[in-house]
Every structure is written in structure tokens, then in C-alpha cells.
Amino acid sequence: MTIKPLIILPDPLLRQVSKPIERVDAETKRLAQDMLDTMYDAPGIGLAAVQIGVERRMLVIDVSREDEERTPLVFINPEILTSSDDRSVYEEGCLSIPDYYAEVERPAKVTVKYIDRDGKDQMVEAEGLLATCLQHEIDHLNGVLFIDHISRLKRDMVIKKFTKAAKAKAL
């Protein structure tokens, strides 16, 4: 069990586009387990590899409730194939933007193609919280943060707050 430090806004790494994973090997599986351990420790319901400083297209999700058995999901090279015209709004947060939450509107349903941790091609039709979480984490792989989906004024205030905190921490 290895818990990795989280990359926090305004780190420019969060704006990088992650590179595809070429093959699912022992190193890939170890990264997936480290990501799950880090996500559960945070605690969170989703984590992209870039959030622990690894610019690879992998994310982990577990949207089970606290009183339910854990259901960890690993998505390697995920790609949204379709998204519904129907929209849903969730209050989102992010482990890389601690203690900040905002309502974000996204497609209510998505179909995602990915490779699982056994190296097999998979497809999932997701709705509700899973659909929102998948879109949020896939955004990370493309250098997009959930604050990019809110008003410019609110986004600028959040970025300013985290930039100021990072400068104070560096002193």
C-alpha cells in the first residue's frame, strides 16, 4: 500500500494532457493500486494518474457509499464515445482543489470505452454519479479541471486563492 502525495492547484502539471498507456503490465497494475490507496486515503471517489504526478491516461473510481462494500474501478485509456443531450447537475469537488465545491452541469449519461486492469477492452454505459465522476476524471487526463466548467469570475477567484496559498507555503 503506497499513498502518493496529491498534486494541488496551481501546479501546471494539472494542465498537461496525459499520454496513453502502451501496455498493461506489473508497473501499470502497481500504479492502479497506488492510485486506489491514495484515493481511499484522501478520501475521494475518483482520481486521475496526473493528480499524483503521473502523466498517463489512467483513472480510478469508487462511487460506493460508506456503508457499502468497496467497488473499485480502474479505467486505462478511457474515451467517451457518446454523451446524452440530457444534462445533470452535481456539486463537484476535487482532491487537487481541496475544500472547494461548485455545481457543474454535464451530460447525464455517457458511454466510455476503456481497458481494464487485466488488459481487456471494456465498455460501460454510465449515468448518475458514475457518469459525472468519469467525465470529471477524463477531463483531468485532458488538462481540464472542474472549475473550467464554472463562471470565469468564480474560477479566477479559486485560482487566485490557491496561487496565494502555494506562494505562502513556499516561503
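This is a predicted model: local features need pLDDT of at least 70, side-chain atom pairs count only at pLDDT 80 or more; totals for chains, interfaces and linings use all residues.
1. Overall make-up. The protein has three helices and seven strands. Read from the N terminus, the order is α-β-β-β-β-β-β-β-α-α. The radius of gyration is 16 Å, close to the 16 Å given by the globule rule for 171 residues, so the protein is as compact as a globular protein of that length.

2. Dimensions and contacts. Along the principal axes, the C-alpha atoms fill a box of roughly 45 × 40 × 35 Å. Among contacts with a separation of 6 or more, 63% link residues 24 or more positions apart. Of the 171 residues, 43% count as buried.

3. Strand 2, residues 58-61. Both faces are covered. Met58 and Val60 are buried on one side, Leu59 and Ile61 on the other.

4. Neighbours of strand 2. Strand 1 (residues 46-48) pairs with strand 2 in the antiparallel sense, over three bridges. Here Leu47 has Val60 as its bridge partner. Strand 3 (residues 73-83) also runs antiparallel to strand 2, joined by four bridges. In that pairing, Met58 is partnered by Ile76.

5. The hairpin. Strand 6 (residues 109-115) and strand 7 (residues 121-127) are antiparallel and share seven bridges. Lys109 stands opposite Glu127 of strand 7. Five residues lie between the two strands. In this turn, Gly119 has a positive phi of about 85°.

6. Surface and charge. The accessible surface is about 9,900 Å², and carbon and sulfur atoms contribute 50% of that surface. There are 24 positive and 30 negative side chains. The centres of these two sets lie 7 Å apart.

Conventions
Residues are numbered from 1 along each chain as its sequence is written. Side-chain values use heavy atoms; hydrogens and water are left out. Buried means under 20% relative accessible area, exposed over 50%, partly exposed in between (1.4 Å probe, protein chains only). Two strands pair if DSSP finds at least two bridges between them. The radius of gyration is taken over C-alpha atoms; the globule rule is 2.2 Å times the number of residues to the power 0.38. Contact means heavy atoms within 4.5 Å. Accessible areas come from the Shrake-Rupley method with a 1.4 Å probe; for residues, only the protein chains shown count as cover. Lys and Arg count as positive and Asp and Glu as negative; His and the chain ends are not counted. The place of a charge is taken as NZ of Lys, CZ of Arg, CG of Asp or CD of Glu.
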